[in-house]
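Have a look at the structure first, then read on.

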Amino acid sequence: MGVSQHGRTSRLDLADPTLRQWECTVLAADPEQGIVLDRSAFYPGGGGQPPDHGVLLWQGVQTRIVGTRKGDDLYLIPADGDPLPPVGTAVTGAVEDDRRSLLMRTHSGLHVLCGVVFRDFGALVTGGNMEPGEARMDFNLPEVPSDFKARLEELVNTEVAADRAVAVKVLARDEALALPDIIRTQSNLIPADEQEIRIVDIVGLDVQADGGTHVASTAQIGKVQVVKVESKGRANRRVRVRLVS
């Protein structure tokens, strides 16, 4: 495995997160296991970001892709009842643009949130999840000021409006782990055998290890609303956010 390859599949989604359509070849197709492509721009899910949806187009036929499964290979899950392209078939892959684009904006918005909470409140992430346009993030934050919700929303949107560049690079494991504070979760979630680590840098705000897809700059996120701040135990606060533009 690696940043650019999963089993027999080249990961186009991480090489170019703006790619929505591409040509590829079917390497395996099984109704139980799923479909394996030689090249795929479907984000397979991970790190709280859900997998992409989309279609495979082949010989006048459409196969809807509704999920993924990671194993030795990267398996695409077809919709129930849809036909499977035979092994060796040349197909066109297409990612559902609205879903992916909204997930990219949401994911980048969470990194801004994480960067602000770490910078201004010194808290690490203890959990999180996202859907298109909305998300939650849990922080090790025992005490918060009475105006925390309003302050946090203002601070996050100030950073969004600053139009900070979102840069991505891949480093060798030792080089990446030598960077200060790149692990923003309370537990180190990087697999022990991972020799390359992908770094997402919201320039001037947040640098951390991350395997998801992101927008090119924070202005593309749109306005972030802090919907609710909840207590989840003595030391944890859950922050729920959504995009409103």
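**Aromatic pairs and a helix**

Phe42 is buried, at 0% relative accessibility (buried means under 20% relative accessible area, exposed over 50%, partly exposed in between, with a 1.4 Å probe and protein chains only). The model is predicted, so local features need pLDDT of at least 70 and side-chain atom pairs pLDDT 80 or more, while totals for chains, interfaces and linings use all residues. Residues are numbered from 1 along each chain as its sequence is written, and side-chain values use heavy atoms, without hydrogens or water.

**Ring pairs**

- Searching the whole structure gives two aromatic pairs (ring centres of Phe, Tyr and the six-membered ring of Trp within 6.5 Å; planes under 30 degrees apart are stacked, over 60 edge-to-face, the rest tilted).
- Trp22 belongs to strand S3 (residues 21–30) and Phe42 to the loop between strands S5 (39–40) and S6 (54–58), 20 residues apart (strands are DSSP E runs of at least two residues, helices H or I runs of at least four, numbered from the N terminus).
- Trp22 is buried as well, at 4%.
- Phe121 and Phe148 are also edge-to-face, at 5.0 Å and 80°.
- Phe121 is in helix H2 (residues 97–121) and Phe148 in helix H3 (residues 148–161), so this pair ties together parts 27 residues apart in sequence.

**Helix H2**

- Of the 25 residues of H2, 18 are buried, so the helix is largely enclosed by the rest of the structure.
- Gly122 follows H2 and has a positive phi, near 65°.
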